[in-house]
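Biologist: I want to learn how to read a model like this one. Please show it to me, then take me through it feature by feature.

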Amino acid sequence: MDKQDHTHEHAHDHHHEGCAHESAHAARAPEALAAAEMHCATEGLKLTPIRRAVLEALYSTHRPMSAYETIDALAATTGKREAPVTIYRAFDFLLAAGLAHKLESRNAYIACPFHHMMNEPVMFLICERCGGVDETTSEPLARALTGLVQAQGFNPRAQVIEIQGLCAHCRTKNDDLS
């Protein structure tokens with residue numbers, strides 16, 4: 001059975017700052033950060049203040065953020081501009097801890113508040129219009145990919161699928177324009 005761990009209600013306009021979805025996403029950030037802190041404590045990982053700040057910045061939006069966008073977001077709240085290497089080190093930690101994902105097609109990062117397995121295939125549905133990203137997993141897809149990979153004798157490091165298109169909101173809005 002398919003499971004969708006992350007759903008977004010798209011009855012809003014992603015193009016406006018402070019849209020309802022961005023607010024809802026940001027409202028869940030404290031709970032997600034608390035879960036991340038608990039995960040790190042359980043796993044013996046150190047969620048330093050800069051790592052936490054980067055994760056909090058990622059949780060502040062459902063759009064992927066580049067290192068420089070993250071630097072800007074942190075500077076807006078702290079008044080201090082972090083060095084890119086500091087941000088990339090924080091991203092490396094968050095990726096290794098399973099707290100974030102890298103969208104290769106965008107060279108950007110997004111928080112992962114879900115508790116899927118580290119090697120479980122993850123799909124990102126990336127809206128080309130509003131920039132929103134939805135994360136989902138699928139047991140049938142996981143089984144199919146595992147079979148394909150094993151048949152090739154390949155040992156995957158990560159199984160990430162990025163699908164570009166229009167989210168339901170933007171597709172509906174596009175249909176309204178035609």
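Modeller: Start with accessibility. Buried means under 20% relative accessible area, exposed means over 50%, and partly exposed lies in between (1.4 Å probe, protein chains only). Lys102 is partly exposed, with a relative accessible area of 24%. Glu104 counts as exposed at 54% relative accessibility.

Biologist: What should I know about the source before going on?

Modeller: This is a predicted model: local features need pLDDT of at least 70, side-chain atom pairs count only at pLDDT 80 or more, and totals for chains, interfaces and linings use all residues. Residues are numbered from 1 along each chain as its sequence is written, and side-chain values use heavy atoms, with hydrogens and water left out.

Biologist: How do I read a salt bridge, and how many salt bridges does the count come to?

Modeller: Side chains of opposite charge can pair when their charged atoms come close. The rule here asks for a side-chain nitrogen of Lys or Arg within 4 Å of a carboxyl oxygen of Asp or Glu. The count comes to 5 salt bridges. One of them joins Lys102 to Glu104, with the closest N and O atoms 3.9 Å apart. Another joins Lys80 to Glu82, at 3.6 Å between the closest N and O atoms. Glu82 is buried, at 18% relative accessible area.

Biologist: Which residue forms a salt bridge with Arg52?

Modeller: Glu56 does, and the closest N and O atoms are 3.5 Å apart. Both residues lie in helix 3 (residues 49-59), 4 residues apart, about one turn of the helix. Helices are DSSP runs (H or I, at least four residues), as are strands (E, at least two), and they are numbered from the N terminus. Arg52 is partly exposed at 28%. Glu56 is also partly exposed, at 40%. Glu37 joins in too: Glu37, Arg52 and Glu56 are linked in a network of salt bridges.

Biologist: Now rings. How many aromatic pairs does the structure hold?

Modeller: A pair of aromatic rings is described by the distance of the centres and the angle of the planes. Rings of Phe, Tyr and Trp (its six-membered ring) pair if their centres lie within 6.5 Å; planes under 30 degrees apart count as stacked, over 60 as edge-to-face and the rest as tilted. The structure holds 2 aromatic pairs. Tyr88 and Phe91 are edge-to-face, 6.3 Å centre to centre with 70° between the planes. They sit 3 residues apart in helix 5 (residues 84-96), so about one helical turn separates them. Tyr88 is partly exposed at 31%, while Phe91 is buried at 0%.

Phe91 also pairs with Tyr109, this time stacked: 3.7 Å centre to centre, 15° between the planes. That pair links distant parts of the chain, from Phe91 in helix 5 to Tyr109 in strand 3 (residues 108-111), 18 residues apart. Tyr109 is buried at 4%. Tyr88, Phe91 and Tyr109 form one aromatic cluster.

Biologist: And strands? Why is strand 5 largely enclosed by the rest of the structure?

Modeller: Strand 5 (residues 133-138) is largely enclosed because 6 of its 6 residues are buried. Val133, Glu135 and Thr137 point one way; Asp134, Thr136 and Ser138 point the other way.

Biologist: In which sense do strand 4 and strand 5 pair?

Modeller: Two strands pair if DSSP finds at least two bridges between them. Strand 4 (residues 122-127) and strand 5 pair in the antiparallel sense over 4 bridges. Ile126 stands opposite Val133. The two strands form a hairpin with 5 residues between them, and Gly131 in the turn has a positive phi of about 85°.
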